[in-house]
Amino acid sequence: MRHVQRLRPRRSRVRRPSAPQVPETAPIGLTYRFFEPLIPKQNHPEPLVSVIIPAMNEAGKIAAVIAEARAVHPATEVIVVANGCRDHTEMAAERMGAKVLAFADPLGNDVGRSVGAQAAKGQILLFTDSDMVIPSSELKPFVHAVQSGVDVALNDYTGPTDRSLVHRVILAKYTLNSMLGRPDLRGASMTAVPHAISRRALQTIGAEILSVPPKAQAAAVCRELRVEAVHRVEVGRLNPGRAAGGDPLEKLVLGDHLEALAALVAERGVRGGFHDGERRRSMVR
Amino acid sequence: MAVTAGRLAGRRGGAAAAAFGQWLASAALPAGQLFRLLPGVAESFRRGFVRSSGSQIPSPLMPPLAGRPSVVVSACNEAGSLPAVLRELKRLPFHEIIVVVNGSQDGSFAAARSFDGVIVVHIAERLGHDVARGIGAKLSTGDFVLFIDGDMPVSAHLLSAFLVAADRGVDVALNDIMPLLPAFDRQDEVTRCKTFLNRMMGRDDLEANSMTAVPHALSRRAIEMIGYDNLAVPPKAQTLAIRAGLRIQAVQTVDVLSVNRRRTLNRGRDNPVARLIIGDHIEALMEAMKSAGTRLQWGQVSRDEFAIRRNGI
């Protein structure tokens, strides 16, 4: 079980203030959520925001995750991509009114997001994970950023960088952004959640590419979409390489970054669009 | 320790260099630190030797070299600093000193010519430092070649470590800039690109050390395996050196960063030199991908395992 950093002290993680009074004649079947009367329990028929949540064996957390997700906007649909689940994740998600896409085999978070994005109807697609409960107040800035014209709104978080040698994945994120000509993004990456994209971005880069997030990021930058690091959520999840040596997940993420660089080169040439200075290469053979 | 050894050797008499070489072979200096410690140890030994023998031994003292060292200096409008650079080089036992003066409107050519025994190549147009180094490498005839720029004098003491390293089988002897660098969050883009390339090539131990920085020394074998044309793009040369399994080691720290900081073109965010070097690193990675595939060594995970692990993030 990996460590998930708390976003706030436990006490402040109350989902939202409870309603002051309990109606005496609350209809049966709704009483169990009487304290959240304003949050609809169903997906909005014409959603503005689609929240996409891949989940594998997260029956314990999924309800809380969906509740927070649903609170980001009044017109929200929640899509849970349940994959490889052996518990009751699907049931728990359906009970919370989410649209559930169920797959028997594990897909992986990135493929899950890609699949979920294809089913999304909203103008804004917000991606988060099911293994940590991020309060809706921490999710809203991403939605607001897309509403105000950002195409790809990233989490402005990378992990610990106050040392001389950082984790390879952090280094890869920073370097890819530099090579994309976007050092201002620092280590912000579509590899990390939460992040949100506009429908325009989805149409421009395609839902398929979301399964390799750094490639999606490279495509977004190359197609001149507005990519910005909008808000920092301290998800203490950066380091797949916690187990020392040969972590397959680290390999996966690093390989993804190299694929993104190859895609950049396909788009902008062998130097990624950077100049060759005053070099007279023909002078030396 | 070295002072005492020097004093004893001085009492015995004979040539200081040979005595130092012998002592070095017997003294158990840590192998990984040898080249880093060498200038200090050599100076101590020399002082001890001078004190007991009473003879004048020029510094830096170096153990006898088996191969012939060449040095290539690239200079572009560097008349001001070139004499100081060459004065330091003259203190070392070079087989040849080659100065590639290119695109210079000042007195660089005359400054280089004023030194005896210096081979000066004059090219009217600007070539860029890396191309100039490639031309110098091609003209050189030594067994190993030290590369240095005409704009910053480096003490002969520090340079001696590169020569000894190259003479003792280090194919690519790099400047160890790590002690000069801040923590990652305050590093510049170029430093991060250098580290990224090394780590993607499986050479984490090199950290941010790169052929992009001078001084560095290459063995003839390294130069031939890399190819003269590839020397023009140092990160690409580094990729090829790693791929060829050459012995690459960061041997000694020379502070080039504070000089770089004074150069107007190589300063601040988004400077032209930084963009050139970032482009070089992209080119270098593409070169690596040609033979190892797009994911280099980071792809040997089955798709199923990917899926499971992906969920585990």
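In the predicted model, the axes of helix 2 (residues 16-26) and helix 3 (residues 34-53) of chain B come within 11 Å and cross at roughly 125°. Axes are lines fitted to C-alpha atoms, for helices over the stretch in contact, and angles run from 0 to 180 degrees between N-to-C directions. Helix 2 and helix 3 of chain B are therefore oblique to each other (angles under 35 degrees count as roughly parallel, over 145 as roughly antiparallel, 65 to 115 as roughly perpendicular and the rest as oblique). The crossing of helix 2 of chain B with helix 3 of chain B is right-handed. On the side of helix 2 of chain B, the contact (heavy atoms within 4.5 Å) involves Ala16(B), Ala19(B), Phe20(B), Trp23(B) and Leu24(B); helix 3 of chain B contributes Leu38(B), Val41(B), Ala42(B), Phe45(B) and Phe49(B). The residues of this contact comprise ten nonpolar, no polar and no charged.

The axes of helix 5 (residues 168-179) of chain A and helix 8 (residues 189-200) of chain B come within 9 Å, with a crossing angle of roughly 125°. Helix 5 of chain A is thus oblique to helix 8 of chain B, and their crossing is left-handed. From helix 5 of chain A, Arg168(A), Leu171(A), Ala172(A), Tyr174(A), Thr175(A), Ser178(A) and Met179(A) take part. They meet Glu189(B), Arg192(B), Cys193(B), Thr195(B), Phe196(B), Arg199(B) and Met200(B) of helix 8 of chain B. By class, seven residues of this contact are nonpolar, three polar and four charged.

Chain A contains eight helices and seven strands, assigned as DSSP runs (H or I of at least four residues for helices, E of at least two for strands). Of its 285 residues, 55% are buried, that is, under 20% relative accessible area with a 1.4 Å probe. Among contacts in chain A with a separation of 6 or more, 74% link residues 24 or more positions apart. The accessible surface of chain A is about 12300 Å², 52% of which belongs to carbon and sulfur atoms.

Helix 1 (residues 62-70) of chain A is largely enclosed by the rest of the structure, because eight of its nine residues are buried. These are Ile62(A), Ala64(A), Val65(A), Ile66(A), Ala67(A), Glu68(A), Ala69(A) and Arg70(A). Their cover includes strand 1 (49-55), strand 2 (76-83), helix 2 (89-95) and helix 4 (136-147) of chain A.

Residues are numbered from 1 along each chain as its sequence is written, and chains are lettered from A in the order in which they are written. Local features of this predicted model need pLDDT of at least 70, and side-chain values use heavy atoms, leaving out hydrogens and water.

Notes: This is a predicted model: local features need pLDDT of at least 70, side-chain atom pairs count only at pLDDT 80 or more; totals for chains, interfaces and linings use all residues. Buried means under 20% relative accessible area, exposed over 50%, partly exposed in between (1.4 Å probe, protein chains only). Accessible areas come from the Shrake-Rupley method with a 1.4 Å probe; for residues, only the protein chains shown count as cover. A crossing is left-handed if the near helix is turned anticlockwise from the far one by less than a right angle, and right-handed if clockwise. Ala, Val, Leu, Ile, Met, Phe, Trp, Tyr, Cys and Pro count as nonpolar, Asp, Glu, Lys and Arg as charged, and the others, Gly among them, as polar.
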